[in-house]
Amino acid sequence: MKRVRPLVLFLIIAIAFTVADVANADLKCDLCGKTITGSYTHYPDIGINVCSQCEQNKPRCDNCRRPVNEPLRVGSARLCQRCAASVERCHSCGTALLRDYTYFEGNEALRFCSECVARYPICADCGAPSGPRGTKLNDGRYLCPDCRSVALFEPGLITPIKNQVLSYLDSGMGMRIKHDIKYSLQDKIFLKIESKDMHGDLNGLFYRKGDDYNIYVLYGLRKKDLIGVLAHEITHAWQAENCSGNLELEDLEGFAQWVAYYALIYYDYERFAQTMLSGNSVYATGLRKMLEIEKRGGSKAVFDYIRSR
């Protein structure tokens, strides 16, 4: 999530003239239509003349501050026709963005007003406000309309994504899993109970009982979420086969995030992958640690490090 102040760039050149010659006798105000007999304001950028009465008494556009006969309502803002056609709008409620706005997952094209950010529950997938048309799922999560339209709920839709991830781990990372893994979609409540709250807010969970390997994935995720989650959890299965059981949490999760990070980049979700670097969670600090190891010695150094713990 990032909050910024919009750069409202406009230039108003207002020049006041005191009319004292006959040449201006037919000059009319472009707002009220009356002949101008005294001083007036000229707006050369849009080529209009405004009499002193209209300049003083007409409502003004909240964006460009020019006087206007009938401002147009864009949410809570009153705008002239030009500004109403060009002003940035909140992706959730459509109101004009004249003050601070917020965007999520590095996507500044979708901007949200502070009122929507404060008013609506966050979308469980993208973190943006779910908005007036958001969907509440059975486990209490909310999805915004954009995420709901691409969220995956059917197990059959997950299989091809799982196969893509397995293929990348094998050919791109040299990580082949020997055990058969059972995959299933679950809700947030199930994951919370099974994880015993060890890792906080989860989208997936690797669960091992002896030689039985299971990966539980949260239903209602987007494809890019699933690629990251599956890569992360399958990496935990690989760790169970290739690493000691004494890994520090930062190394355990950091390595899994490192693999997920590169899986996302491989499948053209680089901007989404970059969001994984932010924050001070064990996932983010562990990922940054692995990238630093890689920077010094390449990917082999990361594998050597994680196997030696």
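Tutor: We begin with the cavity: on a 1 Å grid over the protein atoms alone, a cavity is a set of points where a 1.4 Å probe fits but cannot get out, and lining residues have an atom within 4 Å of a point. Grid points are joined across faces, edges and corners, and a volume is the space filled by probe spheres set on the points. This is a predicted model, in which local features need pLDDT of at least 70 and side-chain atom pairs count only at pLDDT 80 or more, while totals for chains, interfaces and linings use all residues. Residues are numbered from 1 along each chain as its sequence is written, and side-chain values use heavy atoms, with hydrogens and water left out.

Student: How much space lies in the largest cavity?
Tutor: The search of the whole structure finds 1 cavity of 30 Å³ or more. Its lining consists of Thr95, Ala96, Leu97, Leu98, Arg99, Asp100, Cys113, Ser114 and Glu115. The space in the largest cavity comes to about 60 Å³.

Student: How many charged residues are in the lining of the largest cavity?
Tutor: Here Ala, Val, Leu, Ile, Met, Phe, Trp, Tyr, Cys and Pro count as nonpolar, Asp, Glu, Lys and Arg as charged, and the others, Gly among them, as polar. By these classes the lining has 4 nonpolar and 2 polar residues, and the number of charged ones is 3.

Student: Which residue in E8 is the bridge partner of Phe104?
Tutor: Strands (E, at least two residues) and helices (H or I, at least four) are DSSP runs numbered from the N terminus, and two strands pair if DSSP finds at least two bridges between them. Strand E7 (residues 101-104) runs antiparallel to strand E8 (residues 107-113), with 3 bridges joining them. They form a hairpin with 2 residues between them, and Glu105 in the turn has a positive phi of about 55°. The partner of Phe104 in E8 is Asn107.

Student: Which strands stand at the edges of the open sheet of 3 strands?
Tutor: The order in this sheet is E11-E13-E12, with mixed pairing. Each edge strand has a single partner strand, so one side of each is left without a neighbour in the sheet; the edge strands are E11 (181-186) and E12.

Student: Which residue in E13 stands opposite Leu185?
Tutor: E11 and E13 pair in the parallel sense over 6 bridges, whereas strand E12 (residues 204-209) and strand E13 (residues 212-218) pair in the antiparallel sense, also over 6 bridges. In E13, Leu185 has opposite it Val217.

Student: Is Leu143 buried or exposed?
Tutor: Leu143 lies in strand E10 (residues 142-143). Buried means under 20% relative accessible area and exposed over 50%, with partly exposed in between (1.4 Å probe, protein chains only). Because its relative accessible area is 0%, Leu143 is buried.

How values were computed: 1 Å grid on protein atoms, 1.4 Å probe; cavity = no way out; pocket = protein on both sides within 12 Å on 5 of 7 lines; lining within 4 Å.
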